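The sequence and the structure come first.

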Amino acid sequence: MDRRIFLNGLAAASIVGAWPLAPAAQTPHTHRHRFDDAQRWAQIFDDPARDAWQRPHQVIEALALAPDAIVADIGAGTGYFAVRLAHRVPQGRVYAVDTEPDMVRHLAERAKRDGLANLTPIEARADDPKLPQPVDLALFVNVYHHIERRPQYFRRIADTLKPGGRIAIIDFTLDSPQGPPKATRIEPQRVKSEMAEAGYTLAGQHGFLPHQYFLVFASDRR
């Protein structure tokens, strides 16, 4: 996997399948995207029209984060969720993780512009989010179906969680009109099965998103 094509930077790309400019942005047959023009992608990823179905406020409320929580937005892209999370945890910290250097630069500029001292961009590797400290929550939005060797990956991620820490996974349903090609989507029951294989227990699920499932897991190690 190209290290510059990863997770929510990559995952956010999965939502553009139904958005303007998407066909030109995709590599034929692979549904993979390049993210070396963050300003351009910000017009797509942060389009206010996304709010109607992504429902970021409801998602963040459902996560019930303490004001001092430490959160990782794994694959933060242009910061759609990361910025909102930083406002939600003013005494905490949000690590906005992406492997695309231009996205990381964009995130740093956005954090400075918006005065979000608690938002820290991180340039990661595809197999390592390179988090500098354990987190209360790791959020994966429209990401799961892009991760290779998922049970192995999430077994490693467990080491980055605080005691009682959680993993939240939001991804497209098989019948969603938004999202990547249907052949690449993963049904929620398979997510539950793979996360159980990785050593997690389903701790909660929410049904208010019209095109996505929303699953929350706790590590059995904690």
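The model is a predicted one.

The protein chain holds nine helices and nine strands. It has 222 residues, of which 54% count as buried. Of the contacts between residues at least 6 apart in sequence, 73% join residues at least 24 apart.

**Helix H9**

Helix H9 spans residues 188–197, and Val 191, Glu 194 and Met 195 are buried in it. These three cover an arc of only 100° around the axis, so they lie on the same side of H9. In general, an α-helix has 3.6 residues a turn, so residues three or four places apart point the same way. Gln 189 and Glu 197 are exposed, on the face of H9 turned away from its buried side. The partners of the buried residues of H9 are helix H8 (150–157) and the strands S7 (161–172), S8 (200–206) and S9 (212–219).

**Two helix pairs**

H8 and H9 pack with their axes 8 Å apart, at an angle of about 55°. That angle makes H8 oblique to H9. Their crossing is right-handed. On the H8 side the contact is made by Arg 150, Pro 151, Phe 154 and Arg 155, and on the H9 side by Arg 190, Glu 194, Met 195 and Glu 197. By class, this contact has three nonpolar, no polar and five charged residues.

Helix H5 (residues 56–63) and helix H6 (residues 80–88) form another packed pair, at an angle of about 50° and with axes 11 Å apart. H5 and H6 are therefore oblique to each other, and their crossing is right-handed. H5 contributes Pro 56, Val 59, Ile 60 and Glu 61 to the contact, while H6 contributes Tyr 80, Phe 81, Arg 84, Leu 85 and Arg 88. These residues divide into six nonpolar, no polar and three charged.

Most residues other than glycine have a negative phi. Arg 55 has a positive phi although it is not a glycine, and Ala 64 likewise has a positive value in a residue other than glycine. Arg 55 is found in the loop between helix H4 (51–54) and H5, and Ala 64 in the loop between H5 and strand S3 (70–74). The table gives their values.

| Residue | Phi | Relative accessibility | Class |
|---|---|---|---|
| Arg 55 | about 50° | 28% | partly exposed |
| Ala 64 | near 50° | 57% | exposed |

**Tyr 213**

Beyond its neighbours within four places in sequence, Tyr 213 is in contact with Ile 169, Ile 170, Asp 171, Phe 172, Thr 173, Ile 186, Glu 187, Pro 188 and Val 191. Ile 169 is 44 residues away from Tyr 213 in sequence, and the C-alpha to C-alpha separation is 7.9 Å.

Definitions and conventions: Residues are numbered from 1 along each chain as its sequence is written. This is a predicted model: local features need pLDDT of at least 70, side-chain atom pairs count only at pLDDT 80 or more; totals for chains, interfaces and linings use all residues. Side-chain values use heavy atoms; hydrogens and water are left out. Axes are lines fitted to C-alpha atoms, for helices over the stretch in contact, and angles run from 0 to 180 degrees between N-to-C directions. Helices (H or I, at least four residues) and strands (E, at least two) are DSSP runs, numbered from the N terminus. Angles under 35 degrees count as roughly parallel, over 145 as roughly antiparallel, 65 to 115 as roughly perpendicular and the rest as oblique. A crossing is left-handed if the near helix is turned anticlockwise from the far one by less than a right angle, and right-handed if clockwise. Contact means heavy atoms within 4.5 Å. Ala, Val, Leu, Ile, Met, Phe, Trp, Tyr, Cys and Pro count as nonpolar, Asp, Glu, Lys and Arg as charged, and the others, Gly among them, as polar. Buried means under 20% relative accessible area, exposed over 50%, partly exposed in between (1.4 Å probe, protein chains only). The arc is that of the directions from the helix axis to the C-beta atoms.
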